[in-house]
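Take a walk through this model, one region at a time. Keep the sequence and the 3D view side by side.

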Amino acid sequence: MTAPWNDWNHIVKLDPDKTLVEGETFEDVCETGTDALEIGGTLDMTADKMQRVIDACAKYDVPVYQEPSNPAVVVDDDALDGYLVPIVLNAGEVSWITGAHKEWARIDDVDWEKTTTEAYVVMNPDASVADLTGANCDQTPEDVAAYAEIAEHMLGQEIVYVEYSGTFGDPEVVAAAQDSLDEATLFYGGGIRDYESAHTMAQYADTVVVGDLVHDEGVDAVRETVEGARDAIHAPAESA
């Protein structure tokens with residue numbers, strides 16, 4: 001069966017702890033042309049904040065997924081198309097690999113038919129997610145390729161996510177991850193700010209993710225990244 005993200009070029013990740021640009025609405029975000037919305041954040045997450053954004057986005061014709069950072073913020077809502085749950089492969093804290101996930105299964109009836117894990121490799125040591133998870137970000141392209149390979153072939157992951165949160169990453173790293181995958185979908189996030197950055201990374205990743213951009217610069221900037229990601233489908237990959 002084909003997973004929905006196999007056809008995604010672009011995702012907007014909405015942080016419930018942040019506001020949109022003044023005068024813009026969630027309807028405006030949904031009309032940028034993005035393929036999906038992912039609702040989640042690293043710090044100061046609550047179920048109420050998550051629910052507020054889910055409610056605001058549910059009425060529009062864009063798939064909405066929750067990316068919960070811990071079991072306490074998981075929202076049970078029929079408006080959600082599913083849950084994309086991070087597993088941080090290079091985390092120094094085991095809770096971000098299996099611990100928090102075990103707690104979720106222990107305290108709740110997980111809807112496994114709607115739940116998919118994302119095998120993260122966190123690459124920016126200055127990012128909040130790196131600090132929170134104790135991630136070892138000192139990884140070569142070969143290291144990241146190996147993580148991607150074991151994610152798909154050993155752990156059965158459908159999504160591998162190279163995350164440079166807050167900074168534009170190394171295309172060579174993303175290309176190496178892509179080369180090691182057979183069928184898993186490769187997400188890339190970090191520093192996608194305009195047409196060119198989206199176009200560059202979308203030549204290697206299957207799907208680019210924008211987050212801070214929607215909160216800092218707004219929907220016109222997001223729309224540029226959508227165009228960049230889609231145009232990359234028809235462009236020959238640059239040498240990474």
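Contact here means heavy atoms within 4.5 Å. The model is predicted: local features need pLDDT of at least 70, side-chain atom pairs count only at pLDDT 80 or more, and totals for chains, interfaces and linings use all residues. Residues are numbered from 1 along each chain as its sequence is written, and side-chain values use heavy atoms, with hydrogens and water left out.

Start at asparagine 124. This residue sits in the loop between S5 and H4. Those labels follow DSSP runs, numbered from the N terminus: helices are H or I with at least four residues, strands are E with at least two. Leaving aside neighbours within four places in sequence, asparagine 124 is in contact with Ala130, Cys137, Glu163, Tyr164, Ser165, Gly166 and Thr167. Is asparagine 124 buried or exposed? Asparagine 124 counts as buried because its relative accessibility is 10%. The cut-offs are under 20% relative accessible area for buried and over 50% for exposed, with partly exposed in between (1.4 Å probe, protein chains only).

The asparagine 124 side chain also makes polar contacts. A polar contact is a pair of N or O atoms within 3.5 Å; within protein, one must be able to donate a hydrogen and the other to accept it, and residues adjacent in sequence count only if both atoms are side-chain atoms. The side chain reaches the backbone oxygen of serine 165 at 2.7 Å. It also reaches the backbone nitrogen of aspartate 126 at 3.1 Å.

Two of those names come back in the largest pocket. Glu163 and Ser165 are among the residues nearest its centre, along with Lys13, Gly41 and Thr42. The lining has 44 residues. Strand S1 (10-14), strand S4 (82-88), helix H3 (99-107), helix H4 (128-133), strand S6 (159-163), strand S8 (207-210) and helix H8 (212-216) each give two or more of them. H4 provides the largest share, four residues. The volume is about 850 Å³.

How is a pocket found? The search uses a 1 Å grid over the protein atoms alone; a pocket is an open set of points where a 1.4 Å probe fits, with protein on both sides within 12 Å along at least five of seven lines, and lining residues have an atom within 4 Å of a point. Grid points are joined across faces, edges and corners, and the volume is the space filled by probe spheres set on the points.

By class, the lining of the largest pocket divides into 20 nonpolar, 16 polar and eight charged residues. Here Ala, Val, Leu, Ile, Met, Phe, Trp, Tyr, Cys and Pro are nonpolar, Asp, Glu, Lys and Arg are charged, and the others, Gly among them, are polar.

The second largest pocket has a volume of about 200 Å³. Of its 15 lining residues, Ala3, Pro4, Trp5, Glu113 and Thr116 are closest to the centre. S4 and strand S5 (115-122) each supply at least two residues of this lining.

Now follow S4 itself. Seven of its seven residues are buried. Gly82, Leu84, Pro86 and Val88 cover one side, and Tyr83, Val85 and Ile87 the other. In a regular strand the side chains alternate between the two faces of the sheet. S4 runs parallel to S5, joined by six bridges. Two strands pair if DSSP finds at least two bridges between them. In S5, tyrosine 120 is the bridge partner of valine 88. Strand S3 (residues 64-66) pairs with S4 in the parallel sense too, over two bridges. There, tyrosine 65 has glycine 82 as its partner.

Serine 95 counts as partly exposed because its relative accessibility is 30%. Not counting residues up to four places away in sequence, serine 95 touches Ala100 and His101.

Threonine 34 is buried, at 7% relative accessible area. Its side chain reaches the backbone nitrogen of valine 12 at 3.3 Å and the backbone oxygen of alanine 36 at 3.4 Å.

Finish at helix H7 (residues 195-202). Six of its eight residues are buried, so H7 is largely enclosed by the rest of the structure. Those buried residues pack against helix H6 (171-179), strand S7 (185-189), S8 and helix H9 (219-231).
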